[in-house]
Amino acid sequence: YQCDWSSDVCSSDLKDEDFSEFKTEKPKFKTKIDLYSIDELPDTHFAKKYVKNRQIPEDRWPDLYYAPDFKKFVESLGIQKDGLKSNDERLVIPFFDFDKNLVAFQGRTLTDSSIRYITIKLHDDNMKLYGLDRIDLEQPIYVVEGPIDSMFLPNCVATADANLTSVTKVLDKSNVVLVFDNEPRNKDICRIMEKAIDDHFQLDRKSTRLNSSHTDISRMPSS
């Protein structure tokens, strides 16, 4: 995706910026996410432009956050993780459980970092599954790898890795439909898909298109 990364907003410490002219009041969070959400940012901010260019539905913007310093944000939650760099600007995607408690989050780079995604659990025993707080258990549940991709499908969760079958730890196997990334796959991913079929999981038909150039669900053809 080609994005215009220019911004009138300084990225050194977003909380020092004054966006009062764009906002009426600061929303209240059940969890301690001390960052500005995407919908709070001015339209000129490069993080908001990125989200727009990805065509992420606007109703998701209040639950997406901009971290001007991802390492600082991680440490603010009492988490120590090796390898994080200072001033690493990322889009923060929170993972909530069924009761809307924050259990994990993913940071998607907004720069030229070689590490596109960093996913962190608040506790080792937490389930790393995005979208549990939004799904209807009485309806079929789609399962994808990427949290952003999940925003384009109804009643969808994301595992944040290729092991889509891991959802059976918390979801009924008979009620899930696996949707693997629609891109050329390596042998390991093909083996995972074959095992899922052997284990009688439902796979969406788009998952079988191994040679498609469409990587993201938001840009996949409808037929």
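The buried residues of helix H4 are Ile189, Met193 and Ala196, where buried means under 20% relative accessible area, exposed over 50% and partly exposed in between, with a 1.4 Å probe and protein chains only. These three residues cover an arc of only 60° around the axis, which puts them on the same side of H4; the arc is that of the directions from the helix axis to the C-beta atoms. An α-helix has 3.6 residues a turn, so residues three or four places apart point the same way. The structure is a predicted model, in which local features need pLDDT of at least 70 and side-chain atom pairs count only at pLDDT 80 or more, while totals for chains, interfaces and linings use all residues. Residues are numbered from 1 along each chain as its sequence is written, and side-chain values use heavy atoms, with hydrogens and water left out.

Helix H4 comprises the 12 residues 187–198, which at 1.5 Å a residue should span 16 Å; its end C-alpha atoms are 16 Å apart, in agreement with that value. The expected span is 1.5 Å times one less than the number of residues in the helix. The buried residues of H4 pack against strand E8 (176–178) and strand E9 (202–203), a contact being defined by heavy atoms within 4.5 Å. Exposed residues Lys187, Lys195 and Asp198 are carried on the face of H4 turned away from its buried side. After H4 comes His200, with a positive phi near 70°.

In the chain as a whole, the secondary structure comes to four helices and nine strands. Helices (H or I, at least four residues) and strands (E, at least two) are DSSP runs, numbered from the N terminus. The order of the elements from the N terminus on is β-α-β-α-β-β-β-β-α-β-β-α-β. Of the 223 residues in the chain, 46% are buried. Among contacts between residues at least 6 apart in sequence, 56% join residues at least 24 apart.

Val144 lies in strand E6 (residues 141–144) and is buried, with a relative accessible area of 1%. The C-alpha atoms of Val144 and Phe180 are separated by 6.0 Å, although the two residues are 36 residues apart along the chain. Asp172, in the loop between E7 and E8, is exposed, with a relative accessible area of 51%. Asp172 and Leu137 are 35 residues apart in sequence and 8.8 Å apart from C-alpha to C-alpha.

Backbone angles were also examined. Most residues other than glycine have a negative phi. Lys100 has a positive phi, near 65°, and is located in the loop between strand E3 (90–96) and strand E4 (102–109). Its relative accessible area of 43% makes Lys100 partly exposed. Asn155, likewise not a glycine, has a positive phi of about 50°. Asn155 occupies the loop between helix H3 (147–150) and strand E7 (156–158) and is buried, with a relative accessible area of 19%.

The structure holds one cavity of 30 Å³ or more. On a 1 Å grid over the protein atoms alone, a cavity is a set of points where a 1.4 Å probe fits but cannot get out, and lining residues have an atom within 4 Å of a point. The largest cavity contains about 60 Å³ of space and is lined by Asp63, Pro94, Phe96, Tyr130, Asp133 and Arg134.

Key
On a 1 Å grid over the protein atoms alone, a cavity is a set of points where a 1.4 Å probe fits but cannot get out, and a pocket is an open set with protein on both sides within 12 Å along at least five of seven lines; lining residues have an atom within 4 Å of a point. Grid points are joined across faces, edges and corners, and a volume is the space filled by probe spheres set on the points.
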